[in-house]
Amino acid sequence: MAAHRKPRSRTTAAGAGRTARTAWTIALAGAATVTGFDGTGHAEPQLTPAQVKAKVDKLYQEAEVATEKYNGAREKSEAAGRRIRALQDEAARKTQKLNAAREALGSMAAAQYRDGGVDPAFQLALSSDPDRYLDGAEFAERAGNRQAASVAEVRRQLREIERLRGAARVELKSLTSRQAELRRHKKTITGKLDEARAHLALLTGGERALDDRADRSASAARTVLAAPGSAAAQAPNARAAAAVSYAYTKLGSPYVWGATGPNAFDCSGLTQAAYRAAGVSLPRTTYSQIGAGRRVSRSELLPGDLVFFYSGISHVGLYIGNGQMIHAPNPSAPVRVAPLDEMPFAGATRVA
């Protein structure tokens with residue numbers, strides 16, 4: 001009897017386990033159903049249009065931080081690539097020179113082999129002109145010294161070529177690291193922008209249109225307040241005036257992260273292009289551009305000054321006077337005129 005009870009006990013336990021799991025599954029399904037159909041449970045609250053816009057603005061700002069890091073990594077990657085090419089070119093030139101030196105040594109060695117079979121004493125005894133022979137021997141000794149120097153030079157060239165190749169390997173490792181960094185920042189940027197687009201999709205068509213009209217009308221009003229001629233006239237010098245004039249010609253150009261013109265820009269790409277048109281070379285990133293000139297206070301601002309925003313110096317614009325700037329805001333808006341108070345001011349630099 002005991003032998004029959006034991007299996008039945010195991011079957012009952014297994015059945016109880018299945019029953020418990022089934023009950024748990026039903027309970028989860030019921031909770032999901034209640035949440036899905038009744039809107040209760042842990043569903044996220046519906047965001048207002050203002051909350052959506054604030055969230056999107058924050059995502060754009062975070063994407064811009066990643067964009068500036070991407071720009072910096074790309075600048076370093078391109079510099080590493082240039083150094084690699086320069087090292088490779090130098091190594092190639094030195095290798096050609098080394099090959100020529102090796103050929104000369106080979107010719108010298110062959111000549112020695114041909115003439116080295118006769119002992120110098122016999123050569124002196126058999127010579128019809130001993131004085132001439134002795135002169136030749138002295139020349140041969142000097143040639144031997146030159147040969148030794150040539151061998152030493154070949155060895156030096158070999159060491160130099162190996163040094164160049166070692167430096168190229170280091171630069172290649174740096175380039176590989178920068179490329180991996182580029183991919184990470186690109187992934188961050190695209191993730192933030194995709195999330196921003198998803199939030200914008202929550203707005204109705206009417207809400208988006210209303211927001212766009214408000215932005216356009218505000219931008220138009222601000223543009224009227226700062227005419228290109230007056231802004232350029234107030235610039236401290238011709239280069240700053242040229243940068244301001246260039247920025248005005250780019251109003252309405254689209255924002256594209258990583259772009260430096262001539263048809264699309266990100267924030268630091270716009271300021272770099274404006275000063276490039278004025279004959280001034282600026283670094284690529286916001287956090288490099290702020291150190292590219294003389295720092296000025298907000299009360300000292302003149303048209304052409306670079307104005308920076310956020311604690312991480314992740315955004316830059318070109319000051320045009322009257323408390324306004326031209327900047328490339330984010331993917332939701334083109335290059336436009338905006339007040340400095342639109343973002344938290346972090347500092348300013350005069351580069352021209």
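## Close-up views of a predicted chain

**View 1. The surroundings of glutamine 289.** Not counting residues up to four places away in sequence, glutamine 289 touches Ser268, Thr271, Gln272, Leu282, Pro283, Arg284, Leu306, Phe308, Val316 and Thr349, where contact means heavy atoms within 4.5 Å. This is a predicted model, in which local features need pLDDT of at least 70 and side-chain atom pairs count only at pLDDT 80 or more, while totals for chains, interfaces and linings use all residues. Residues are numbered from 1 along each chain as its sequence is written, and side-chain values use heavy atoms, with hydrogens and water left out. Glutamine 289 is found in helix 9, residues 286-289; helices (H or I, at least four residues) and strands (E, at least two) are DSSP runs, numbered from the N terminus. The relative accessible area of glutamine 289 is 0%, and the residue is therefore buried, a term that means under 20% relative accessible area, with exposed over 50% and partly exposed in between (1.4 Å probe, protein chains only). The side chain of glutamine 289 also reaches the backbone oxygen of serine 268 at 3.2 Å, and a polar contact is a pair of N or O atoms within 3.5 Å, of which, within protein, one must be able to donate a hydrogen and the other to accept it, residues adjacent in sequence counting only if both atoms are side-chain atoms.

**View 2. Helix 7 and what covers it.** Helix 7 has 12 residues and reaches 17 Å from its first C-alpha to its last, close to the 16 Å expected at 1.5 Å a residue, the expected span being 1.5 Å times one less than the number of residues. At the start of helix 7, the backbone nitrogen of arginine 239 has a side-chain oxygen of asparagine 237 within 3.2 Å. Ala240, Ala241, Ala243, Val244, Tyr246, Ala247 and Tyr248 are the buried residues of helix 7, and their cover includes helix 6 (228-233), helix 8, strand 3 and strand 4.

**View 3. The largest nonpolar core.** A nonpolar core is a set of buried Ala, Val, Leu, Ile, Met, Phe, Trp, Tyr and Cys residues joined through side-chain atoms within 4.5 Å. The largest one has 32 residues, of which Phe265, Tyr275, Leu306, Leu318, Ile320 and Ile326 touch the most other members. Helix 6, helix 7, helix 8, strand 2 and strand 3 are the elements that give two or more residues to this core, and the largest share, 7 residues, comes from helix 7. Leaving aside its neighbours within four places in sequence, phenylalanine 265 is in contact with residues including Tyr246, Tyr255, Leu270, Ala328 and Val335. Apart from this core lies another, of 13 residues, among them Tyr60, Ala63, Ala66 and Ala73.

**View 4. Strand 4 between its partners.** Strand 3 and strand 4 run antiparallel and are joined by 3 bridges, and two strands pair if DSSP finds at least two bridges between them. Tyrosine 319 stands opposite methionine 325 in strand 4. Strand 4 also pairs with strand 5 (residues 336-339), in the antiparallel sense and over 4 bridges, and here glutamine 324 stands opposite proline 339. In a regular strand the side chains alternate between the two faces of the sheet. Gln324 and Ile326 point one way from strand 4, Met325 and His327 point the other way, and all are buried.

View 5. In the hairpin of strand 3 and strand 4, which has 2 residues between the strands, asparagine 322 takes a positive phi near 55°; at 57% relative accessibility, asparagine 322 counts as exposed. Tyrosine 310, in the loop between strand 2 (306-309) and strand 3 (315-321), has a positive phi of about 75° although it is not a glycine, and with a relative accessible area of 22% tyrosine 310 is partly exposed. A cis peptide bond, with omega about 5°, joins glycine 261 and proline 262, and proline 262 lies in the loop between helix 7 (238-249) and helix 8 (267-277).

**View 6. The chain and its confidence.** The chain has 9 helices and 6 strands, and buried residues make up 34% of its 352 residues. Its mean pLDDT is 77, and 67% of its residues reach 70 or more, pLDDT being the predictor's confidence in each residue, from 0 to 100. Over residues 1-43 the pLDDT is below 50, and this stretch has 6 contacts in the model beyond near neighbours in sequence. Where pLDDT is low, the predicted coordinates should not be read in detail.
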